[in-house]
Amino acid sequence: MDPTTDNAGNTGDQGAARASLEALRAEIAKAVVGQDPAVTGLVVALLCRGHVLLEGVPGVAKTLLVRALASALELDTKRVQFTPDLMPSDVTGSLVYDTRTAEFSFQPGPVFTNLLLADEINRTPPKTQSSLLEAMEERQVTVDGTPRPLPEPFLVAATQNPVEYEGTYPLPEAQLDRFLLKLTIPLPSRQDEIDVLTRHAEGFNPRDLRAAGVRPVAGPADLEAARAAVAKTAISPEITAYVVDICRATRESPSLSLGVSPRGATALLATARAWAWLTGRDYVLPDDVKALALPTLRHRVQLRPEAEMEGVTADSVINAILAHVPVPR
């Protein structure tokens, strides 16, 4: 049988879906310099139907990265600037009284979109932060007792400043656990920073991505084909046990007061599977698990105060666990 004419998830469709997502990564690179791991993380989140938390100091292109992703996808997108006075209804929508009909009608908020950019999410109090919990987990919003489904696909890409910055509210553990990945956006290298300044000197305008050449190269159909292919990527029992052993080790670490939950283990298995497919394989290797362990687990653990005072970080604890948990052969 001709593989290019078989059902969804076949060799031809898989190759086309993978090519479209590779093109997506290349398209984002037209606007964002030197943040390949973050771009890859966003693509993995799209494949896994997950949400992404981007953390970094101001000015490292967190917002630009998400806007470039939206421009390269044929998806509806909205942006919410989270501020201390933002109300939950400003995100979810509310009932509005219509004087002409003498009835209340629902006015949807910006969460009713495919890609929601929640900018500086930790600058708003927990009450407003929690307004996203139902949307992120159930993919619906309940207003006045009526559940209202969100569009598909739906992804929250939230940016936050480091928690030690003034005017920030740390995200509660329940909300952090709803994010599939936490991606840290570092300061650029010297050469990358030179490239950024060179682009600006040549007329690059971050507010006009069309002029920068960013065009839609993938859409919902490509995502569905890719997700179907990822779902067929094989996972051996040894890989499943390896993921469980890593997550159980976090619960026993003397440096952590909170380890990874079973939801976190499920997330690590899903992201490793998506990464394996993106790299061109139809099976998962231990290296795939290791590659996604940090972004998938770093926000799901909590350091003990004494470990934090000694300079221990979540990343260093997870790296130590990866070095000690036996790797399946």
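Predicted model: local features only at pLDDT ≥ 70, side-chain atom pairs only at ≥ 80, totals over all residues.

Residues are numbered from 1 along each chain as its sequence is written, and side-chain values use heavy atoms, with hydrogens and water left out.

**Entry: the sheet**

I looked up the strands next. Helices (H or I, at least four residues) and strands (E, at least two) are DSSP runs, numbered from the N terminus. Two strands pair if DSSP finds at least two bridges between them. In what order do the five strands of the open sheet come? I read off 2-5-8-1-9, with parallel pairing. Strand 2 (77-81) and strand 9 (181-184) are the edge strands, each pairing on one side only. From one strand to the next, the twist averages 20°.

I then zoomed in on strand 1 (residues 52-55), which runs parallel to strand 9 and is joined to strand 9 by four bridges. Glu-55 stands opposite Thr-184 of strand 9.

Helix 2 (residues 36-48) lies across strand 1, strand 8 (155-160) and strand 9, and runs at about 170° to strand 9. For that angle, axes are lines fitted to C-alpha atoms, for helices over the stretch in contact, and angles run from 0 to 180 degrees between N-to-C directions.

**Entry: salt bridges**

Side chains of opposite charge can pair when their charged atoms come close. The rule I used: a side-chain nitrogen of Lys or Arg within 4 Å of a carboxyl oxygen of Asp or Glu. By this rule I get 15 salt bridges.

One of them pairs Glu-152 with Arg-49, with the closest N and O atoms 3.7 Å apart. Glu-152 sits in the loop between strand 7 (146-149) and strand 8, and Arg-49 in the loop between helix 2 and strand 1, 103 residues apart. Glu-152 is partly exposed because its relative accessible area is 43%.

Back to Arg-178: its salt-bridge partner is Glu-137, at 3.5 Å between the closest N and O atoms. Glu-137 lies in helix 6 (residues 133-138) and Arg-178 in the loop between helix 7 (173-176) and strand 9, so the pair ties together parts 41 residues apart in sequence.

Arg-298 and Asp-315 meet in a salt bridge too (3.0 Å, N to O). Is Arg-298 buried or exposed? I put Arg-298 down as buried, because its relative accessible area is 13%. Asp-315 is partly exposed, at 23%. Salt bridges that share partners also join Arg-49, Glu-152, Glu-224 and Arg-227 into one network.

**Entry: a buried threonine**

Thr-250 is in helix 10 (residues 237-252). Thr-250 counts as buried because its relative accessibility is 1%. Which residues does Thr-250 touch, not counting those up to four places away in sequence? I listed Leu-256, Gly-259, Val-260, Val-301 and Ile-321, where contact means heavy atoms within 4.5 Å.

Conventions. Buried < 20%, exposed > 50% of the residue type's maximum accessible area, 1.4 Å probe, protein only.
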